Amino acid sequence: MRNKLIAAFACTTALVSTGAASAADLGARYTKAPAYVEPLFNWTGFYVGGHIGGAWTNEQFINNGIGAPFGDLVPGEGYRQRGSGIMGGAQIGYNWQANNYVFGMEGTISGLDNKSSFTNTAFGAGDDVFSWRANVLATVVGRAGFAVQNNLFYIKGGYAGVNNRLSVSDTVGVSGSGGQTHWANGWTVGAGWEYGVTRNWIVGLEYNYAAFGSQTYQLGGTSGNYTFDAKPRDIQWAVVRASYKFDAPTIARY
């Protein structure tokens with residue numbers, strides 16, 4: 001009987017030791033799951049949106065001497081004027097994100113209300129009224145930025161084009177009037193900030209500068225054709241933006 005009790009005790013001790021060892025092995029093998037971290041905002045994807053703000057145009061036009069003097073301006077004489085107004089339009093683009101760096105392409109089309117007119121008084125009270133306007137602006141640019149979670153700080157640069165019109169009216173003596181519209185090509189640079197409100201909706205602020213080359217404007221009046229070299233010397237604009245970004249794969253961080 002005594003031998004049976006000793007054997008049972010030894011067996012129980014062995015089972016307890018084995019259970020403790022197994023528990024130790026389990027503790028070493030399994031660790032606590034990592035805490036979930038909110039996914040990073042992903043800037044990759046196509047987006048479309050709109051913008052609205054203000055624009056400022058510096059216009060220059062000079063009698064280039066090809067035609068007869070007209071508008072009381074002899075060859076080589078001209079004017080510079082500044083006009084401002086509301087602008088608004090749409091943008092479409094694509095972003096690609098690598099770590100914190102974001103690269104992309106974007107196209108915009110905007111309507112402007114930049115115009116002015118004045119009466120030339122170089123030879124007396126004035127009888128010649130000059131008018132100009134810039135009413136459509138388009139850009140195609142590359143963008144590069146640095147993302148900090150939902151914030152994106154970026155610069156941009158590329159092509160800019162604007163629809164520009166110059167006209168003049170001679171209202172005294174041999175009266176006449178004429179005008180012409182040209183598309184002027186140039187370049188643009190800018191900078192901005194965007195914020196991802198949700199994974200799809202983005203808002204932002206942006207400032208841009210553009211400069212353009214001269215075009216020859218043939219102004220046909222009743223007393224003949226007269227030519228001016230004219231251009232928007234520069235256009236500057238500041239806008240608020242809102243865009244919808246189409247879904248891209250989520251970047252999760254652990």
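This report describes the nonpolar surface patch, the aromatic pairs and the charge-over-ring contacts of a predicted model.

Strands β1 (45–63), β2 (78–98), β3 (101–120) and β4 (128–148) each contribute at least two of its residues. The most come from β2, which supplies three. V148 belongs to strand β4 and is partly exposed, at 42% relative accessible area.

Across the whole structure, 14 aromatic pairs are found. One of them joins F46 and Y94 in a tilted arrangement. Because F46 is in strand β1 and Y94 in strand β2, this pair ties together parts 48 residues apart in sequence. F46 is exposed, with a relative accessible area of 55%, and Y94 is partly exposed, at 31%.

F130 and F228 form an edge-to-face pair. F130 lies in strand β4 and F228 in strand β9 (residues 224–245), so the parts tied together here are 98 residues apart in sequence. F130 is buried, with a relative accessible area of 1%; F228 is also buried, at 0%.

The geometry of the two pairs is as follows.

| Pair | Centre to centre | Angle between planes |
|---|---|---|
| F46 and Y94 | 4.6 Å | 55° |
| F130 and F228 | 5.9 Å | 75° |

Charged side chains also meet rings. The charged end of R143 sits over the ring of Y154, at 4.2 Å from the ring centre. The charged end of K245 sits over the ring of F41, 5.6 Å from its centre.

Conventions. Residues are numbered from 1 along each chain as its sequence is written. This is a predicted model: local features need pLDDT of at least 70, side-chain atom pairs count only at pLDDT 80 or more; totals for chains, interfaces and linings use all residues. Side-chain values use heavy atoms; hydrogens and water are left out. Helices (H or I, at least four residues) and strands (E, at least two) are DSSP runs, numbered from the N terminus. Buried means under 20% relative accessible area, exposed over 50%, partly exposed in between (1.4 Å probe, protein chains only). Rings of Phe, Tyr and Trp (its six-membered ring) pair if their centres lie within 6.5 Å; planes under 30 degrees apart count as stacked, over 60 as edge-to-face and the rest as tilted. A charge sits over a ring if NZ of Lys or CZ of Arg is within 6 Å of the ring centre and within 35 degrees of the ring normal.
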